[in-house]
Amino acid sequence: MFLFPGYQYRMQTIRKGRGAASNRAGRYERARPEAFDDGWGTVEDDPPPLRTTVTEEAPRHAITRNDSPDIGFDRSINPYRGCEHGCIYCYARPSHAWLGLSPGLDFESRLFAKPNAPSLLEQELARPGYRCRVLAIGTNTDAYQPIEARYEVMRGILEVLARCRHPVTITTKSALVLRDRDLLADMARDRLAHVTMSVTTLDRRLARHMEPRAATPARRLEAVAELREAGIPVAVNFAPIIPALNDHELEAVLKAARQVGAVSAGYTMLRLPLEIADLFREWLEVHAPDRAARVLSRVRDMRGGLLYKSGFHTRMKGEGPYAETIAKRFALACRRLGLERGYGALDETRFCPPGAQLQLAL
């Protein structure tokens with residue numbers, strides 16, 4: 001169990017239920033606010049509760065496309081911007097800087113919802129030039145974060161995809177995905193749906209500090225079992241692997257996933273692009289000061305002496321002896337447990353555009 005020495009001493013710098021220790025300005029901001037003592041002693045006061053706010057926006061497109069050569073999909077949907085789960089290592093945090101907001105606390109408390117995403121998606125799927133390829137959801141922020149229970153944007157998206165028999169892969173840390181098992185089970189029968197549950201640790205205490213508003217590790221594994229009972233193929237992604245913090249759990253996480261029915265597995269290494277490097281360093285200083293230097297040293301070992309390198313094909317897995325050892329451990333564990341590596345193929349031939357369905361109904 002992780003004891004996190006020094007946590008009580010630094011408690012006033014951490015807001016309960018939040019991951020980031022600060023709201024440092026994004027890279028595009030000229031002003032960088034700093035706390036100072038005005039004589040009233042307020043700098044030492046506990047910070048006030050930080051409430052989550054949600055702004056509805058109306059984007060012009062639902063589908064986002066990419067041409068990255070090391071990603072197994074070329075299109076995705078993000079029902080929300082920002083993520084209340086508050087995972088300190090989240091590589092989507094820097095995207096909040098585009099909005100003039102902080103990748104720190106703003107990212108996990110100032111959220112944006114896209115209620116019109118389902119209708120936009122239906123319009124895009126109906127276009128004559130659309131060619132069906134697997135859609136990935138949850139690759140940026142989690143579509144099943146807490147506000148989805150109220151907005152149900154993801155539910156609407158799945159209803160469109162189910163009607164059109166369009167294949168989809170979902171990555172999440174939330175048991176809320178079980179709400180949609182009816183749609184997912186129907187699609188899975190035709191090889192149209194696949195779920196990946198991200199499990200970073202089995203240590204409940206570590207998860208509470210690292211991913212404060214995501215489901216507990218035990219609840220995620222329970223969700224894997226329930227999805228499998230519904231006939232939905234599920235993978236577990238051990239992600240990210242953080243050197244000297246959770247890397248020793250690799251085999252245990254994969255074993256636990258296999259025991260509850262996961263059919264395949266994957267992993268990624270910790271990535272610290274842009275503002276995440278400083279945010280993660282702050283988190284280490286608060287929650288794991290005794291191992292902070294060791295963690296960052298090993299990160300540099302697998303990133304060519306830097307905290308991050310963005311090169312394709314190595315950014316997800318790292319390079320060097322440490323990264324090679326992790327790759328060998330992962331491969332060996334998968335063979336021993338009978339887990340497939342990767343996330344399986346879905347059927348792209350069943351797609352039926354919205355307009356075509358209407359004509360059939362007539």
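The following legends describe close-up views of a predicted model.

The model is predicted, so local features need pLDDT of at least 70 and side-chain atom pairs count only at pLDDT 80 or more, whereas totals for chains, interfaces and linings use all residues. Residues are numbered from 1 along each chain as its sequence is written, and side-chain values use heavy atoms, with hydrogens and water left out.

**View A. The largest nonpolar core comprises 69 residues.** A nonpolar core is a set of buried Ala, Val, Leu, Ile, Met, Phe, Trp, Tyr and Cys residues joined through side-chain atoms within 4.5 Å; buried denotes under 20% relative accessible area (1.4 Å probe, protein chains only). Leu121, Leu125, Leu158, Leu161 and Leu254 touch the most other members. Helix 4 (residues 153–164) gives the most to this core, with eight residues. Helices (H or I, at least four residues) and strands (E, at least two) are DSSP runs, numbered from the N terminus. A second, separate core has 28 residues, including Leu105, Phe107, Leu206 and Ala277.

**View B. Surroundings of Leu158.** Residues up to four places away in sequence being excluded, Leu158 touches Tyr144, Val168, Ile170, Asp180, Leu183 and Leu184 (contact: heavy atoms within 4.5 Å).

**View C. Strand 9 (residues 234–241) and its paired strands.** Eight of the eight residues of strand 9 are buried. Strand 9 runs parallel to strand 8 (residues 193–198), joined by four bridges, and parallel to strand 10 (residues 264–269), joined by five; pairing requires at least two DSSP bridges. Val195 has Val234 as its bridge partner, and Ala235 stands opposite Ser264.

Key. Buried < 20%, exposed > 50% of the residue type's maximum accessible area, 1.4 Å probe, protein only.
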